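Biologist: Could you walk me through this one before I set anything up?
Modeller: Gladly; have a look at it here, and then ask away.

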Amino acid sequence: QVQFVESGGGLVQPGGSLRLSCAASRSIFNIYRMDWYRQAPGKQRELVATITKGGTTNYADSVKGRFTITRDNAKNTVNLQMNSLKPEDTAVYYCNAIGGTSWGQGTQVTVSS
């Protein structure tokens, strides 16, 4: 099963930007859909953004217009560009293949002044 390593998180002020990266242990070329999730303290993990093999994207309403998901099949990476960050975006962010059951460590994003 493919494994993922997330990176790029950190502390940022409201209105700031971060770019998260997800590196796969093997080729993601044939993975139909790649997803970014997040989990805030005391809350369930939620789906934030998805991108299909063909490049079709979907976003949670809470991030639409602020986040952009991309994938680079040649580099086996999936990225999440996050702009206009809000305190409610604070969470641990994870990536996974659709239906994936093994999770990485995630990367912490904290939005605070």
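**Disulfide, strands and core**

Modeller: A search of the whole structure, which is a predicted model, finds 1 disulfide.

Biologist: Which residues does the disulfide join?
Modeller: The disulfide joins Cys22 to Cys95, with an S to S distance of 1.8 Å. The torsion about the S-S bond of Cys22 and Cys95 is about 60°, so the disulfide is right-handed.

Biologist: And where do the two cysteines lie?
Modeller: Cys22 lies in strand S3 and Cys95 in strand S9, so the pair ties together parts that are 73 residues apart in sequence.

Biologist: Are Cys22 and Cys95 buried or exposed?
Modeller: Cys22 is buried, and Cys95 is buried as well.

Biologist: Switching to S4, which strands does S4 pair with?
Modeller: Strand S4, residues 33-39, is joined to strand S5, residues 46-52, by 6 bridges in the antiparallel sense, and S4 also pairs antiparallel with strand S9, residues 91-97, over 6 bridges. On the S5 side, Arg38 has Glu46 as its bridge partner, whereas on the S9 side Asp35 is partnered by Asn96.

Biologist: What's in the turn between S4 and S5?
Modeller: S4 and S5 form a hairpin with 6 residues between them, and Gly42 in the turn has a positive phi of about 75°.

Biologist: How many residues are in the largest nonpolar core?
Modeller: The largest nonpolar core has 29 residues, and those with the most contacts inside it include Trp36, Val78 and Tyr93. S3, S4, S5 and S9 are among the strands that each supply at least two residues of this core.

Biologist: What does Val78 touch?
Modeller: Leaving aside residues up to four places away in sequence, Val78 touches, among others, Cys22, Met34, Trp36 and Ile51.

Conventions:
Residues numbered from 1 in each chain as written. Predicted model: local features only at pLDDT ≥ 70, side-chain atom pairs only at ≥ 80, totals over all residues. Heavy atoms only, no water. Buried < 20%, exposed > 50% of the residue type's maximum accessible area, 1.4 Å probe, protein only. Helix = DSSP H or I, 4+ residues; strand = E, 2+ residues; numbered from the N terminus. Pairing = 2+ DSSP bridges. Core = buried A, V, L, I, M, F, W, Y, C linked by side-chain atoms within 4.5 Å. Contact = heavy atoms within 4.5 Å. Disulfide = S-S within 2.5 Å.
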